[in-house]
Amino acid sequence: CDGVYNILFMVEKGELPEDFKNKSLFTYIAGLFRSIRFGVVEAHGKGAAMQLNTYLKEGSVVFLPETGTYQVNFNKLQESIKNLVKNICTWQHNGDKEVVDKVFEEFAKLDENTLASLELLKDIPVDIRPCYPLAGEEC
């Protein structure tokens with residue numbers, strides 16, 4: 001979440017265009033789904049699940065059961081990201097492993113909605129074989 005936090009900071013300072021903000025936020029959330037698609041056993045997946053579940057709990061991202069899709073509330077998400085970055089930095093600064101363990105125990109897992117959403121992706125390849133016809137490859 002620190003990468004998207006930095007992008008938001010650069011937009012706020014006028015270093016990046018304003019229309020870059022929502023595109024970045026949406027792409028960030030899509031990236032969390034990509035990361036959890038491979039599971040939450042490893043640290044990367046756990047971290048992505050913790051972020052997504054934090055945003056779901058705070059209403060920054062909402063699951064819409066009637067369509068089985070997710071909706072991003074961009075304004076809420078910006079605040080949630082700022083709060084999460086602040087919290088993570090505070091936990092690290094304080095060396096508060098107990099708090100981190102509790103947060104990961106609660107948030108570093110996938111709920112039924114997320115698992116069902118990921119199941120819809122099962123037939124989509126996770127890897128691609130790039131082909132470069134301009135480099136003389138036959139595709």
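In the predicted model, E106 and K57 form a salt bridge in which the closest N and O atoms are 3.5 Å apart, a salt bridge being a side-chain nitrogen of Lys or Arg within 4 Å of a carboxyl oxygen of Asp or Glu. E106 is partly exposed, with a relative accessible area of 43%, whereas K57 is exposed at 60%; buried here means under 20% relative accessible area, exposed over 50%, and partly exposed in between (1.4 Å probe, protein chains only). Residues are numbered from 1 along each chain as its sequence is written. As the model is predicted, local features need pLDDT of at least 70 and side-chain atom pairs count only at pLDDT 80 or more, while totals for chains, interfaces and linings use all residues, and side-chain values use heavy atoms, with hydrogens and water left out.

The structure holds 8 salt bridges. Side chains of opposite charge can pair when their charged atoms come close. Among these bridges, K23 pairs with D19, the closest N and O atoms being 3.8 Å apart; K23 counts as exposed at 52% relative accessibility, and D19 as partly exposed at 48%. In another, the side chains of K122 and E119 meet at 3.5 Å, N to O, where K122 is exposed with a relative accessibility of 56% and E119 is partly exposed with 44%. Salt bridges that share partners also join E12, E79 and K82 into one network.

The largest nonpolar core comprises 26 residues, of which Y28, I29, L32, I36, Y55, L77 and I81 touch the most other members; such a core is a set of buried Ala, Val, Leu, Ile, Met, Phe, Trp, Tyr and Cys residues joined through side-chain atoms within 4.5 Å. Two or more residues of this core are given by each of α1 (2–12), α2, α3, α4 (74–94) and α5 (97–107), and the largest share, 6 residues, comes from α2. In soluble globular proteins, nonpolar side chains tend to be buried together. When neighbours within four places in sequence are left aside, L77 is in contact with L25, I29, Y55, S60 and V72, contact meaning heavy atoms within 4.5 Å.

Helix α2 (residues 20–36) also contains K21, a lysine that is buried, with a relative accessible area of 17%. The side chains of K21 and E18 are joined by a polar contact of 2.6 Å. A polar contact is a pair of N or O atoms within 3.5 Å; within protein, one must be able to donate a hydrogen and the other to accept it, and residues adjacent in sequence count only if both atoms are side-chain atoms. Beyond its neighbours within four places in sequence, K21 is in contact with L8, V11 and Q78.

In helix α6 (residues 112–119), T114, S117 and L118 are buried. These residues lie on the same side of α6, because they cover an arc of only 95° around the axis, the arc being that of the directions from the helix axis to the C-beta atoms. The buried residues of α6 pack against α2, α3 (43–58), β1 (61–64) and β2 (69–72). At the start of α6, a side-chain oxygen of D111 comes within 3.2 Å of the backbone nitrogen of N113. N113 and L64 are 49 residues apart in sequence and 9.5 Å apart in space, C-alpha to C-alpha.

L64 itself lies in strand β1 and, with its neighbours within four places in sequence left aside, is in contact with T69 and Q71. The loop between β1 and β2 holds E66, which is exposed with a relative accessible area of 63%. E66 and G39 are separated by 27 residues in sequence and by 25 Å in space, C-alpha to C-alpha. A search of the whole structure finds 3 aromatic pairs, and ring pairs link F33, F63 and Y70 into a cluster; rings of Phe, Tyr and Trp (its six-membered ring) pair if their centres lie within 6.5 Å, with planes under 30 degrees apart counted as stacked, over 60 as edge-to-face and the rest as tilted.

How values were computed:
Helices (H or I, at least four residues) and strands (E, at least two) are DSSP runs, numbered from the N terminus.
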